[in-house]
Amino acid sequence: TLITLIDQLRDTHLLSKEEWIFLIENRTRDVSEYLFSQAREVRHRHYGHEVYIRGLIEFTNYCRNDCIYCGIRKSNLNACRYRLSETDIRNCCRTGYELGFRTFVLQGGEDGWFTDQKIISLIEKIKTDFPDCAITLSIGEKERESYQAFFDAGADRYLLRHETYNSTHYGKLHPPALTAAHRQRCLYDLKEIGYQTGTGFMVGSPYQTAEHLAEDMLFIQQLNPHMVGIGPFIPHHDTPFAAQPAGTLELTLFMLGLLRLMIPKLLLPSTTALGTIDPNGRELGILAGANVVMPNLSPTDVRKDYALYDNKICTGDEAAECRHCMEKRMEKIGYHVVVARGDSLNTETIP
Ligand code: 5AD
Ligand code: FES
């Protein structure tokens, strides 16, 4: 039965592809509640009631790629493009540090203006300014040599969602130049280099099936990453997927719970996209097994321009507002934002 499968996942961390599909297709409210209670227990065992915060700095929305779902794809001529200067970025970190952030996530489109040398110099400066902080990069697919150079310069972590494991499905979400295989290669490179590595996928992306989600879970188990970012797909009005339905809160929470049981020590963010499809989405994500939130540190004048999807929350709020809002939201459900780097406890190396 479904409950037996959840117990099996909790105890052995292992399900077959057929079992994953069965669980996903036949989930009910009661099964979800059971899953979430087990996921919370596992989470509390390793991470207690602490919630790690990451300061997200969206430093460029220029992108050479053309992912069909994404609002900053290069074909979107309506996107208002911006780049933050090195000084802007360091100031974001300064503000963030004072607010208690000890991880900065530098996220951007694949923007050739930011050469490897510029990224390296940025990493070195931030590491000098804030030696007790972790730097997470989220800047897409690069050569292995570039990943190595960023790591040598002091970058600690890297986020690169695999988006979907299935190559046919991947092809429906991306232009032909991008392949699932290359994405996955990048992730193994990152992990081998020594990054705390994050992958992830969108829930309810167009054409996604339960089988695809099963394949995503099996891939993640293989990769054994330190972090997994998932959130619902949300349509952006200036993309070919404008009329596609959004992913659901319910399925996203279910997948979060499953991820917690599959890899107990995972760093699992309750994402902005989850907060966008439901006003309580981020709290519900924490209650389903997530243990990280990533409030925005980008300057308010550019926030609305980093629009991967429509109706993104917090675009009008100052960093301090988000920081305090998050603290209150977490306290309300019995969790505490902590001032810490929040490194992964999942220290087993490559399989
Ligand atoms: N809806 C939800 N998530 C999206 N992303 C990009 N576009 C969308 C969208 N329309 C996610 C992708 C990417 C991450 C930075 O944001 O998974 O990896
Ligand atoms: Fe940004 Fe609540 S987290 S306003």
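Colleague: Where is cysteine 70 found?

Modeller: Cysteine 70 is in the loop between strand E2 and helix H4. Helices (H or I, at least four residues) and strands (E, at least two) are DSSP runs, numbered from the N terminus. The model is predicted, so local features need pLDDT of at least 70 and side-chain atom pairs count only at pLDDT 80 or more, while totals for chains, interfaces and linings use all residues. Residues are numbered from 1 along each chain as its sequence is written, and chains are lettered from A and ligands numbered from 1 in the order in which they are written.

Cysteine 70 is buried, because 22 other C-beta atoms lie within 10 Å. Buried means 20 or more such atoms within 10 Å of a residue's own C-beta, exposed means 12 or fewer, and partly exposed is in between, with C-beta atoms placed from the backbone. Apart from neighbours within four places in sequence, cysteine 70 is in contact with His236, Thr239 and Leu308; contact means that the C-beta atoms, placed from the backbone, lie within 7 Å.

Cys70 also belongs to the residues that surround ligand 1, each being near it, with a C-beta atom placed from the backbone within 6 Å. Others in this shell include Tyr69, His236 and Leu308. His236 and Leu308 are also the contacts of cysteine 70 named above.

The unreviewed UniProt entry places the feature "binding site" at Cys63, Cys67 and Cys70. UniProt positions are in the numbering used here, feature names are shortened, and annotations may be inferred rather than shown by experiment.

Cysteine 67 lies in the loop between E2 (55-60) and H4 (86-98). Cysteine 67 is buried, since 21 other C-beta atoms lie within 10 Å. With neighbours within four places in sequence left out, the contacts of cysteine 67 are Arg73, Leu173 and His174.

Over residues 49-271 the chain is 39% helix and 17% strand, and the end C-alpha atoms are 18 Å apart.

Conventions. Two residues are in contact if their C-beta atoms, placed from the backbone, lie within 7 Å.
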